[in-house]
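Student: I am new to this structure and would like to learn how to read it. Could you walk me through it step by step?

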Amino acid sequence: MAKKIKFNLQVNGASVSSLESLQNNFNIEDIMEHFKSGLLMRWLEVQGLETELKEISKLSEKSDNFALAQGILEIFDMDKELDKNALKITLNDINYKEYKENLLKTNEDLEKNAKSFLREYHDKFHDIIWDIIKNSENVEKIKSNLKIIENDYFDLFLLQFQTLVNVFKTDAPLALIFGLGTEKIRKMILAYIKIEATKDHNKYCYIGDEEIDDKTKEYLNSINLKPIDYLRYGYFEAISKVVYESLKFDYSKLGDVIKIFNGSTDGLWRDLVARNKRVLVLGISSSAKASQIPKVGETNKPIGIDEINGKFIILNGLNFQSSNNNAYIAYVEL
């Protein structure tokens, strides 16, 4: 009988050689990929993990990714370690990744299938936008779809920016809120707000074959954007106005997602959000100060209305301080 050769499983960038090591480096996306390829079962077998192998084998007929993930988490005793909201976002990413893989398999000859491929690409983008609108109060859905837009559909997002801002303003305001918590969509929105607020319409941004002067290049570099991301500002003057006005939200209508703290803390710092959470600060009163949660050995770095309102800054955790009973701060946990 041939001797079984042991091998390590690649999980979360680590080379895993034991059950304990797998749990310490657990990554549900990697584990599900190894499960679907059959590699996970082979690894369990050569490691002599018969109990886990037997339980994993029972999941073979489950086609639903959420049920599969839940089963895997329970078998490896990780079901209490993973945040359920984070799991939903991860599973949405997995579903979309599988969709892309299947799409590529059916479009291997791109020259022949270019038209159908592009039609499918545009249709999928519209499906994503519609999914945001249909789930306008579902934070996990919105964040997942925004991530997909940034990764795969940002060019289409740019081309339809004016329409989308108007649609989101009316039908899915949380998409604009969480858009400010992304990387590229945030930069785009804030760049237009900055130009509109200062009325500095010399900050032209070009696309295509036009030559870009050094001053414009320096400006684009300062906000970490490539020239291809923008058309000339003059073409988008109306858009910038829409964006600027659309960010003045009635926070009371946005449910529990928008957090508002009112009142005095007697001049003491109060922790509102833990340091391991990213926080988008939407607004603060003139009689209050905010700070991100300082690291061990550091002190709070107070910021107020001038640094916060209209800037939509992102902090690691949130501290609040005021001696005024009418003080307030509005924020979103990203």
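Tutor: Gladly! Accessible areas come from the Shrake-Rupley method with a 1.4 Å probe. Keep in mind that this is a predicted model. Here the accessible surface of the chain comes to about 19,200 Å², and carbon and sulfur atoms hold 47% of that surface.

Student: How many of the residues count as buried, and how many helices and strands are there?

Tutor: Of the 334 residues in the chain, 43% are buried. The chain has 15 helices and seven strands.

Student: Which residues touch the most other members of the largest nonpolar core?

Tutor: First, the general idea: in soluble globular proteins, nonpolar side chains tend to be buried together. In this chain, the largest nonpolar core has 39 residues, and Ile149, Phe157, Phe168, Phe178 and Val332 touch the most other members. A second, separate core has 25 residues, among them Val16, Ile28, Ile72 and Phe76.

Student: What is Phe178 in contact with, beyond its neighbours within four places in sequence?

Tutor: Its partners there are Val139, Ile142, Lys143, Leu146, Val257, Val332, Glu333 and Leu334.

Student: What happens at the start of H8?

Tutor: There, a side-chain oxygen of Asn138 comes to within 3.2 Å of the backbone nitrogen of Glu140.

Notes
Residues are numbered from 1 along each chain as its sequence is written. This is a predicted model: local features need pLDDT of at least 70, side-chain atom pairs count only at pLDDT 80 or more; totals for chains, interfaces and linings use all residues. Side-chain values use heavy atoms; hydrogens and water are left out. A nonpolar core is a set of buried Ala, Val, Leu, Ile, Met, Phe, Trp, Tyr and Cys residues joined through side-chain atoms within 4.5 Å. Buried means under 20% relative accessible area, exposed over 50%, partly exposed in between (1.4 Å probe, protein chains only). Contact means heavy atoms within 4.5 Å. A polar contact is a pair of N or O atoms within 3.5 Å; within protein, one must be able to donate a hydrogen and the other to accept it, and residues adjacent in sequence count only if both atoms are side-chain atoms. Helices (H or I, at least four residues) and strands (E, at least two) are DSSP runs, numbered from the N terminus.
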